[in-house]
Amino acid sequence: MKIGIDTFGCDHARSGLGTYILSFVSNIQSSKEDSVELFGSEIDHYTYTSGKDISYKSVNIPDSLSSERFWHFSSCSKFVKAQGYDVVFYPAPDKVLPVSFKKKGIAIVNTILSTNVEGKKDWTQKVQIKRGLYRCHKIIAASEYIKKDLIAHGIDEQKIEVVYNGIDHKLFYPAIDLDDDIVDIKPFAIKRPYFIYGSRLSGPEKKHVELIKAFSIFKEKTGLPHRLVISGSEGPYSAEIHKAAFESPYASDIFLTGYFPHESFPKLYAGAEALVFPSVIEGVGLPVLEAMATGVPVLCSNAAALPEISGNNALYFNSDNPEEIAMCMEKIVSNQTLRNELIKKGVEWASGFSWENTVSKTFAIARSLLDD
């Protein structure tokens, strides 16, 4: 079986989708029966394959989402057939996806479809997403929540399989012990104690502004020296978030790092008082599992897939209520028994998620398509 993996639309590994490919590829086991080839922009020739004996086929088109979308609409199917792929994985169907398939196509959906086909999205993108999902041979949803959302949009339930994302337990584990007052992660030196939120500054649904308000309430009420560290690439909502941080009476205690390498997050998590994750549009919410695996308590939104992904191992809040978020922050700082309980339960829960399982189940689904 020759498998192609589409790397277009994954932000050159600077987003959750890019991290998905990095983690997935690094856990592919060599096999005599299967071969894997990645394809995408020339700029990503070594982004996802470094250290792995996996080939990469460059496609010569401009490095822009509109160009990539047009190529998928007009040329992708011909390219796939010419490369001799038996099955192709499309990890970014919310951005780029063919509308016809000459070979077996599997869309891997890590985001909530509703956010991509409603609102102010370009109508051609909406059509391409929905038509591609209707016509592809199989859909792998990263959570039951995503599956239900796909079904609500008319996708055939029979072609949807749920395969959870994994965690890189070589990176995220609770053995990291930080006694210093400063977490030194070049080029940053972050003073403890702090709360951490890692998410791209992409839109109001990520609830960065509500978290900043909650942090200000927490500081005013407790007078504690905690800081708020927000780590994530700049995005369409950056100006509003920077403005909210600047106008906070505790602006000097709010630190926006910008893009933060995925491999540096374990140390960033380990030094934190807690992960606070207020996003309400998560189809996966992988950072909550990574924080749990690192031995850090998690406070998160009670919306979207987060309750499914976190189970009974997190402290939940309504993200539209900054006072409630602040209350949870105060609780995790003041209640050591609760803190220890969440850490213990979180580590155990996160141990059940692995990229080895994710890759194995995904390949099994691909083989089942060829056996039909």
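Modeller: For residue classes, Ala, Val, Leu, Ile, Met, Phe, Trp, Tyr, Cys and Pro count as nonpolar, Asp, Glu, Lys and Arg as charged, and the others, Gly among them, as polar. This is a predicted model, in which local features need pLDDT of at least 70 and side-chain atom pairs count only at pLDDT 80 or more, while totals for chains, interfaces and linings use all residues. Residues are numbered from 1 along each chain as its sequence is written, and side-chain values use heavy atoms, without hydrogens or water.

Biologist: How many cavities of 30 Å³ or more does the structure hold?

Modeller: There are 2. A cavity is a set of points on a 1 Å grid over the protein atoms alone where a 1.4 Å probe fits but cannot get out, and lining residues have an atom within 4 Å of a point. Points are joined across faces, edges and corners, and a volume is the space filled by probe spheres set on them.

Biologist: What volume has the largest cavity, and which residues lie nearest its centre?

Modeller: The largest cavity has a volume of about 70 Å³. Its lining comprises 10 residues, with D94, V109, T111, L113 and L133 nearest the centre. By class, that lining has 7 nonpolar, 2 polar and 1 charged residues.

Biologist: And what lines the second largest cavity?

Modeller: That cavity, of about 40 Å³, is lined by S77, V80, Y90, P98, S100, F101, K102 and K103. The lining of the second largest cavity has 4 nonpolar, 2 polar and 2 charged residues.

Note on methods: 1 Å grid on protein atoms, 1.4 Å probe; cavity = no way out; pocket = protein on both sides within 12 Å on 5 of 7 lines; lining within 4 Å.
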